[in-house]
Amino acid sequence: MLIVLKPNVTSEEIDHIVEKIKSLRLEPFVSRGVQRTIITIIGDEDVLREQPFEAIAGVESVKPILRPFKLVSRETQPERTVVKVGNVEIGGRKVVIVAGPCAVEGEREVVEHALMVKKAGANLFRAGAYKPRTSPYSFQGFREKGLKFLVKAREETGLPIVTEVIDPRDVALVAEYADMLQIGTRNMQNFNLLTEVGKSGKPVILKRGMSSTINEFLMSAEYILSQGNKNLILCPRGIRTFEDVTRNTLDAGVVPVLKDWTHLPVVADPSHAMGIKDYVPSAAMAYLAAGADGIMVEAHPNPEEAMSDGQQTIDGAALEDLIGKLGRLARAMDRDLL
Ligand code: PEP
Ligand code: MN
């Protein structure tokens, strides 16, 4: 960590800062330049981060040298993590497709939807039994009944199932049914929920908070890994900007950063990024071209009738067409679809 001192800092103030650093059992190195003095501190950055150095007289700014996350970092683990969900491996050379409607819509419906995405070529089926809705009056999901319907869909298709958990108290229950737990954008910083899914040991797909920075996203990932659960997938899904045509702004640029900084697989969601079904395939291609290990897309046989997010949901034919295109792009990138 570097502490940059103010131009008019006094030697008493410098002595005080040096004493403070030594009292933390860390080593300060004072470099006096012509215009500025800086203090370099060698030692545990975690101890330093807790210290309000900016509050001390004479300090202008404090600059950390190391990134604040460890377990997600490729500095800690250079080899890539491959997460196994059912019999599907995510994070290797093969690109995976996760698809399904936004919500579980009933027993017969969910089986029909899972058969549709399987026929189109998807590897995992995703639908929400618990829906975090902006309005308390909107459809909240079939909840535990919905989880049972999802099991039926898995039995009928053999596809592993992915579903969202929104409450720390439900993690054990949802983990009993699902093959992978989704943490939605609104819960990316629900630290109790992150801790619980971490403890569950189940594969988790963590969506990026719609207003979160990359560092915040990775600190949330760190919560899950810090509980001993390495089965984590990162999911960019668009972020909020001043843009008001698309639902969010496509954050394809985050993919190469995540792949460079972390060893975790990235499966990106173009549906919530765009919010308009006609633009979802292009966004999916952009995420894949940026290096994503998989694409998670909302699909429904009749989007017009979907119980939620119909406007951004593609139908079975569009899904099949998209998967064909993603396969061609993957092969051009020396990868392939699963
Ligand atoms: C969803 O996946 O249907 C969902 C609610 O997504 P997000 O949390 O990204 O808005
Ligand atoms: Mn949705």
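Me: Which residues coordinate the manganese ion (ligand 2)?

Reply: In this predicted model, local features need pLDDT of at least 70 and side-chain atom pairs count only at pLDDT 80 or more, while totals for chains, interfaces and linings use all residues. Residues are numbered from 1 along each chain as written, chains are lettered from A and ligands numbered from 1 in written order, and side-chain values use heavy atoms, without hydrogens and water. Counting as donors N, O and S atoms within 2.8 Å of the metal (3.2 Å for Na, K and Ca), with water not among the atoms, so that sites may look incomplete, the manganese ion (ligand 2) has its donors at 2.1 to 2.4 Å. They belong to Cys102 (SG), His272 (NE2), Glu298 (OE) and Asp309 (OD).

Me: Along the chain, what spacing do the donors of the manganese ion (ligand 2) follow?

Reply: Histidine 272 lies in helix α9 (residues 270–274) and glutamate 298 in strand β14 (residues 294–298), so this pair ties together parts that are 26 residues apart in sequence (helices are DSSP runs of H or I with at least four residues, strands runs of E with at least two, numbered from the N terminus). Taken along the chain, the donors follow the spacing C-x169-H-x25-E-x10-D.

Me: Is glutamate 298 buried or exposed?

Reply: Relative accessible area decides this, with buried meaning under 20%, exposed over 50% and partly exposed in between (1.4 Å probe, protein chains only). Histidine 272, at 8% relative accessibility, counts as buried. Glutamate 298 has 1% relative accessibility and therefore also counts as buried.

Me: Over how many bridges do β7 and β14 pair?

Reply: Strand β7 (residues 94–100) is mostly covered, six of its seven residues being buried, and it pairs with strand β15 (residues 336–337) in the parallel sense over two bridges, where two strands pair if DSSP finds at least two bridges between them. Strand β8 (residues 124–126) likewise pairs with β7 in the parallel sense over two bridges, and here alanine 99 stands opposite phenylalanine 125. With β14, where isoleucine 97 has isoleucine 295 as its bridge partner, β7 pairs in the parallel sense, and the number of bridges is five.

Me: Which elements do the buried residues of α8 pack against?

Reply: In helix α8 (residues 254–261), the buried residues are Val254, Val255, Leu258 and Lys259. Seen down the axis of α8, they fall within an arc of 130°, so they line one face of the helix. With contact meaning heavy atoms within 4.5 Å, these residues pack against α7 (214–225), β12 (232–235) and α10 (280–289).

Me: What distance separates the C-alpha atoms of proline 160 and methionine 180?

Reply: Proline 160 has its place in the loop between α4 (143–157) and β9, and at 5% relative accessibility it counts as buried. Leaving aside neighbours within four places in sequence, its contacts include Val85, Asn123, Phe125 and Asp179. Methionine 180 is 20 residues away from proline 160 along the chain, and their C-alpha atoms are separated by 7.9 Å.

Terms used
Arc of directions from axis to C-beta.
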